[in-house]
Amino acid sequence: MAENNNVKDFNSEIETAFTNAWHSEKGGDEKWSTFLNSYNVSPLSSEDKEKLLNSEMKIAKGAFPIELRRVYEKILEKHLSKGDAGVMNAIAGFDIESKVKEYYQKIKPFGGMSDIFKNASSSLTKYSEGMQKAKHSTMKCKNCGAPRLEEMQYDNCLFCGSKLFEANN
Amino acid sequence: MLSSLFKSTDSSSPEFQALVTRWDNFLAKIKERYTEVLQQAEEPLKEVIGSIQYDTVIIHNIKTGLHNQAVTQLSKKVDEGWSKMEGEMSKLGVSYGLITEQHRKADAFKETLANEFQYFEVSLYGRAARQILENVKKHIDEKKLHSCTQCGAELPIKIYSFMSVNLKCESCGSVNTYKPDDRIRALEYYVITHLAEEQAFPAKLKAKYDKSAQKEYFKTYYGFLMENVPDKKEFYEREMNERMNNPIFSLGF
């Protein structure tokens, strides 16, 4: 069955908007503004862009997600007015939220590196804490206090005959 | 009809050449990304190495994360890229031989990534090990005298012992037990094994393609351990001989 041309156009416009936003310079560029104008969407003001660029939501490239969202709204509006059943189905299946989120995943800065170091930081000194200094001692008979006289002496005290090591029973 | 079914694009066709260029560029980009990941890690790594104390656990954790980013993820991308490329080559009617030739590039590339990362890992542990050694040296009083607990006579205790030792006092005959500082005992695992690996690594790389170099690797690795952990010389010598003579250990290369 041949694909409905209106559906094809709808999908193609959605993808073109996504690609244009993604390929634009950080915060948008001339080409992106022209694209926005073609949908009667006004680009964000320089002050708003400045505010967003300095916000916690960092981007590494591409236009701001809100501008892409506005283009999507225009595309939906345009295709809804056609009243085509196929397009209506396509629109019903189109989730603008997840598409904008998908776009943000593409333009956000690579955060893997800081995560790696952040996760590992808890183990920086964890295994170095509590290390004991050298110890030096002599095993002595608990009964008479005589020191052990042979390295391999693990049985009885050579002086009084008591057991040198007590077994844990 | 038959000729169109069985036609195959030869290596000189411009369409095939364009795909090969695209494929090569793709691999070059992945390599760029690999270098970028390790470059980005350099500054924070310097900071971490400057702050470690007596163990390399944090290095292990960071290394695992970096391996995932630089080798596992990027190798996965190579496989995904190849799957698309293979589809396009098949559509074009490229022969099986030519497709295989391009696929080999992916395998060789992934192997290079893995080898380069192994080199990075060994050097990283080496850097951390040298820092830990310095920290331990600062902490240990090498001139400290040890006297017998019973008669006070001086005992010939080696500060850099890696396990507890029993020493019989030459003066009174009492047995003194010396438990080395935990930091020194930890050197064996956190420092000396890593420095041994660093020294033996060129032989390990060689051994991947030349089985006869495996013995050279084991000799260098265990030779270093025997020299620097003399308390356990016999143990390491036994391990070395076992690895050199038991073919099962050659499988790890």
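Which residue is the bridge partner of A:His136 in β2(B)? I shall open with that question, and the answer is B:Tyr178. Please keep in mind throughout that the model on display is a predicted one.

Let me place that pair in its setting. A:Thr138 stands opposite B:Asn176, which is again a residue of β2(B). The two strands concerned are β1(A) and β2(B), the latter covering residues 175-179 of chain B, and they pair in the antiparallel sense over four bridges. A further strand takes part, giving an open sheet of three strands in the order β1(A)-β2(B)-β1(B), with antiparallel pairing. Which strands stand at the edges of this sheet? They are β1 of chain A and β1 of chain B, the latter spanning 165-168. Each of these has a single partner strand, so one side of each is left without a neighbour in the sheet. On average, neighbouring strands here are turned by 25° against each other, direction ignored.

I turn now to the interface between the chains. Here, 26 residues of chain A are in contact with 31 residues of chain B. On the side of chain A, the elements that give two or more residues are α7 (112-120) and β1 (135-138). The largest share, six residues, comes from α7(A). Sorted by class, this side of chain A has 11 nonpolar, nine polar and six charged residues.

Next, chain B as a whole. Chain B has seven helices and two strands, and along the sequence these follow the pattern α-α-α-α-β-β-α-α-α. Of the 253 residues, 26% count as buried. Among contacts in chain B between residues at least 6 apart in sequence, 63% join residues at least 24 apart.

Helix α2(B) covers residues 14-51 and helix α3(B) residues 57-92; their axes come within 11 Å and cross at roughly 170°. Angles over 145 degrees count as roughly antiparallel, and α2(B) and α3(B) are therefore roughly antiparallel to each other. Their contact has 19 nonpolar, two polar and four charged residues.

Helix α4(B), residues 96-139, gives another arrangement with α2(B): the axes come within 12 Å and cross at roughly 10°. That makes α2(B) roughly parallel to α4(B). From α2(B), the residues making the contact include B:Trp23, B:Tyr34 and B:Ile49. From α4(B), they include B:Phe109, B:Phe120 and B:Arg127. By class, this contact has 10 nonpolar, two polar and two charged residues.

Conventions:
Residues are numbered from 1 along each chain as its sequence is written. Chains are lettered from A and ligands numbered from 1 in the order in which they are written. This is a predicted model: local features need pLDDT of at least 70, side-chain atom pairs count only at pLDDT 80 or more; totals for chains, interfaces and linings use all residues. Two residues are in contact if their C-beta atoms, placed from the backbone, lie within 7 Å. Ala, Val, Leu, Ile, Met, Phe, Trp, Tyr, Cys and Pro count as nonpolar, Asp, Glu, Lys and Arg as charged, and the others, Gly among them, as polar. Two strands pair if DSSP finds at least two bridges between them. Axes are lines fitted to C-alpha atoms, for helices over the stretch in contact, and angles run from 0 to 180 degrees between N-to-C directions. Angles under 35 degrees count as roughly parallel, over 145 as roughly antiparallel, 65 to 115 as roughly perpendicular and the rest as oblique. A residue is buried if 20 or more other C-beta atoms lie within 10 Å of its own, exposed if 12 or fewer, and partly exposed in between; C-beta atoms are placed from the backbone.
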